[in-house]
Amino acid sequence: MTNRQVPWATSQLQLRRRSRYGTATQLAIRLAIMALLLALIIGFHWIERDSLKDTHDGSISLADIIYFTMISATTTGYGDIVPITEQARLFDALVVTPIRIFFLLILAGTAYSFFIKRLWDKYLMRRLQAGLTGHIIVAGFGSSGSEAVAELVARGSEPSSLVVIDCDEEALTHAHDYGCMVLQGDATRDATLQAVHVERARALLVTAGRDDTSILVCLTARHLAPDLRITVSVRASDNELPARAAGATTVINPVSFAGLLMAGSAAGSGVADYLADLASAKGRVQLRERTVEANEVGRQLAEIDTGVGLRIIRDGQAISFEDPGACTLQGGDRIIELFGEGAPGDHARTAAGASRGSALPV
């Protein structure tokens, strides 16, 4: 296993907690603070009403006090009621003015938080949804999901073509640092997968952290997108069959694979290191699956120029390079090939051994 750092691993950590108050409660608190501040100003002006002058009729009533307070707090100021004493003017300068600024911040923040931001988010959501096609969806951004995204980016996938779904806000923050599109929601629900247009996706990677949840995500996605390529990660070997029954194209058991690596390393670390090298885009040798090119149709698997052909996937069946079916490539075949950095073609075949006695180079 490689010790690869993700972009957020070295960033400053920040302890955060979701607010205990809902949207309505937060709005009510802001309105209550404004009401209390207005009551404070009205109370002071009423007590010191002799310090005010009404240029209209010369008398100050409670209605005049409320009117003057609201006009002052909103920075309108018509000049029909004015403070005439030093005490009243200092109160307006040192108390009312800061409160007035605070009002503006509360009003602007409330408008942004509860109205403008929501409208803007909906607009961006519609724009992003309109352009979603051929993307890869990652359901779950835990250890496996973050490693998968990091590897996809290392292999050349544009971060903007990756969509991460998770219920945890912190996980989505990490995914956003990659440049991925993110959606906070439950991937087991139809509405969540429909929001990211699962039917137009290129692939779905499910790493929900729990086998039952992962299988349910797979089942939900399969009925929405019958032809979608779905990869599911499960931890228990007896859940591999239910995952395939739910519609998974590929089922990966990281625990079982880790056991195979550990057993292989009993005689030395070479096998485990080599397999990790193969799986990573940063390895010196890599495995790659691709579609047969038009100019390769009719040729033998051993004659491809891009690397060492190991296997053909034809109509869902695997054909080894030693099988007779590998002699002639057909349109629609998918090739699993081995290639090295700066060593395609003949150089890679030389590394594999001229006799082809082994599927992997030494």
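Modeller: Buried means under 20% relative accessible area, exposed means over 50%, and partly exposed lies in between, with a 1.4 Å probe and protein chains only. This is a predicted model in which local features need pLDDT of at least 70 and side-chain atom pairs count only at pLDDT 80 or more, while totals for chains, interfaces and linings use all residues. Residues are numbered from 1 along each chain as its sequence is written, and side-chain values use heavy atoms, with hydrogens and water left out.

Biologist: Why does Cys-218 count as buried?

Modeller: Cys-218 has 0% relative accessibility, so it counts as buried; Cys-180, with a relative accessible area of 3%, is likewise buried.

Biologist: How many disulfides does the rule give?

Modeller: A disulfide is a pair of cysteine sulfur atoms within 2.5 Å, and by this rule the count is zero.

Biologist: What makes Ile-47 exposed rather than buried?

Modeller: Ile-47 has a relative accessible area of 66%, and therefore it is exposed. Ile-47 lies in helix 1, where helices are DSSP runs of H or I with at least four residues, strands are runs of E with at least two, and numbering starts at the N terminus.

Biologist: Why is strand 10 called largely enclosed?

Modeller: Five of the seven residues of strand 10 (residues 308-314) are buried, so the rest of the structure largely encloses this strand.

Biologist: How do you know that strand 10 pairs with strand 11?

Modeller: Two strands pair if DSSP finds at least two bridges between them; four bridges join strand 10 to strand 11 (residues 317-320), and the two run antiparallel. Ile-312 stands opposite Ile-319 in strand 11.
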